[in-house]
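Please have the sequence and the 3D view at hand.

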2 protein chains.
Amino acid sequence: MENSVGIVTTEYAHFDAELRLESGRVLGPLTLAYETYGTLNAARSNAILVAHAWTGNAHAAGYHSTQDRKPGWWDDMIGPGKVLDTDRYYVICSNVIGSCFGSTGPTSENPRTGKPYRLNFPVLMVRDMVRAQQLLVDRLGIDQLHCVIGGSMGAMQALEWGIHFPERTRSIIPIAGAVSNSPMAIALNAMARQAIFNDPLWKKGNYRPEHPPADGLALARAIGHISFLSDTSMQLKFGRRFSVRDGLFDFFGQYEVERYLEYNGRNFVDRFDTNSFLYLAKALDLYDAGWNFDRLEDALKQVICPSLWFAFSSDWLYPPYLTEEAVTILQRLGRPTTYHLIESDYGHDSFLVEAEKFTHYIVDFLAELD
Amino acid sequence: MENSVGIVTTEYAHFDAELRLESGRVLGPLTLAYETYGTLNAARSNAILVAHAWTGNAHAAGYHSTQDRKPGWWDDMIGPGKVLDTDRYYVICSNVIGSCFGSTGPTSENPRTGKPYRLNFPVLMVRDMVRAQQLLVDRLGIDQLHCVIGGSMGAMQALEWGIHFPERTRSIIPIAGAVSNSPMAIALNAMARQAIFNDPLWKKGNYRPEHPPADGLALARAIGHISFLSDTSMQLKFGRRFSVRDGLFDFFGQYEVERYLEYNGRNFVDRFDTNSFLYLAKALDLYDAGWNFDRLEDALKQVICPSLWFAFSSDWLYPPYLTEEAVTILQRLGRPTTYHLIESDYGHDSFLVEAEKFTHYIVDFLAELD
């Protein structure tokens, strides 16, 4: 456990407040699952909020027990002496609302019925996730976050913090994000949705938890998985190798790439709730930083803090132009804005796979803020 | 019907011969559906074979009746005075084996059982399709085809003609093809397959023709459809417009791109057989021009005729490098090879949508052959 934050525990913050959502509906009471690493300083000025992606959770670093073999999902980044240095910073990661890892979501009990929400859960926007996080930041007694950082859906949250809570946000670092979900991304999510809707076990969201629509969810995940990879990364990883277990002329025979996607899709079923998957896909599709502003520029005008942006050359889910749109406007507005287009072959996943290509920029950016 | 080949009829050629397939299995007797336009000259030297794509058919030009409102699928290209000028050329298009438009495929009667083949149909390769076409060309009394031309799976057929029947092929024009199916293309086909396998109505291919696995096939088609488009073409065509019929915060609400894909997927169910779809997807996945040769170069060495190749800048299903691989080798071998990379925003579909960008090269190429 060298350079690790060590054994950590997920905590749960409960809020009686009702959150007014962008849809006009209200959600409450609320629970937010979260973890923290490092120590909040006396000035309460060293907190960094890490925002997770679609299927992420609050467990970003460390281990849950001494038997735990796999650390949190961004352990490479968070720890003593690491990029988000827990000797200096107080790092917070909380599970988004709508998810299934402890924060209020479709599997939670609907207080009006005493039963799980399921499809009675309200449709969320990323903006709503951030509003919920703000309650947690209040609870922790933090006026201003030193930084909000995240990749993919986490990048969208970082930007929303910058737009909607400018006075509480000292800096933001959106990585592999998008100023809005493209029709291509929507189309891919639509395929994932349809794969689930087609599964007779889905039952319009009323599946029994022990009998989820496994075929549908596994396929949905595999479709998403393809969009996180790239043509080149698949050529490198799989090429045209045929599964050794199958005959080339077997109707059901599989190439290695097929077997890999199926295996990972199946695994996903054991760790993610189907309705949560659908609600978060919807939130991604609805994502548009300019929503409810006259123009995107009016939204970005709200961002007054320094921002550091990364996009990846082979990312075809959130191609660089969807980051550059925001960067161009912010620079025109004269906001302190830094952007790096990182050359990488690993598609959208580059931000997780090739962190060493860009994390030094983050270290420098945070150092300059101090 | 100006510039049209007019009223045409699909014809059916029956062959008692058994075709020995790449898999080692045999297929026969065989039927091939085909259409011809123009007149075979006395020297029998003016025949052009048009090879269709995945879901295409033999009806490439003209109308089937005076009431027919939609002409054949490549009517823009084929007719008097058009690129494939029926005043000069005798144009043949035949439905590939494995398909469901009149040629022998999974819906045909298996002579050994008297019932439809369904999954007893043998797994095919593109090479097998071309072998079957050769029987038809024999039957029509043609020793050498003036040209074999096609897009997508049609491009693969054109190349296979050049490799396996060099003495019968005066020239080839592969358009938006690939020297082999990439792992990305295989992965997308795997998603389509799984969508069908997940549909309880599929019944391992034993669905009742009047109750096909419509949900699965519609989703499979929609997945394919996405891969024919591009990020840019979707931005241009749909942007982030939400369907006017839905509320933005309706869980089942759809963006226009979703509605479009669903609508087209549903339409497809009425015109295509599910098992045929699966067999042709498999043939695409198995496609590798170098298969059963020591190296790709050994396969391409067989091509002695002039070849004209097109790839499209925004095609991410068969990206240009999958054409350039063949072109580079052929040029190194000193074969008369011409290649054009066409700038287009319409993805794989560019070859159908923006024909005007490249057809003049075809006119020149054919003129120089004469």
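## A tyrosine in a loop

Helices here are DSSP runs of H or I with at least four residues, numbered from the N terminus. The model you are looking at is predicted. With that numbering, A:Tyr255 sits in the loop of chain A that runs between helix 5 (231-237) and helix 6 (256-269).

Is A:Tyr255 buried or exposed? A:Tyr255 is buried, with a relative accessible area of 2%. Leaving aside residues up to four places away in sequence, A:Tyr255 touches A:Arg240, A:Arg241, A:Phe242, A:Ser243 and A:Leu248, and, from chain B, also B:Ile186, B:Asp285 and B:Leu286. Along the chain, A:Val244 is 11 residues from A:Tyr255, and their C-alpha atoms are separated by 8.8 Å.

## How the two chains relate

Let's turn to the pair of chains. Chain A is superposed on chain B by a rotation of 180° with 0.0 Å of shift along the axis, at an RMSD of 0.0 Å. This is the relation of a two-fold axis. Within chain A, the C-alpha nearest that axis belongs to A:Ala195, 3.3 Å from it.

Both copies use the same surface: 100% of the contact residues of chain A recur in chain B.

## Cysteines

B:Cys93 counts as buried at 0% relative accessibility.

Key. Residues numbered from 1 in each chain as written. Chains lettered and ligands numbered in written order. Predicted model: local features only at pLDDT ≥ 70, side-chain atom pairs only at ≥ 80, totals over all residues. Heavy atoms only, no water. Least-squares fit on C-alpha atoms with pLDDT ≥ 70 in both. Contact = heavy atoms within 4.5 Å. Buried < 20%, exposed > 50% of the residue type's maximum accessible area, 1.4 Å probe, protein only. Helix = DSSP H or I, 4+ residues; strand = E, 2+ residues; numbered from the N terminus.
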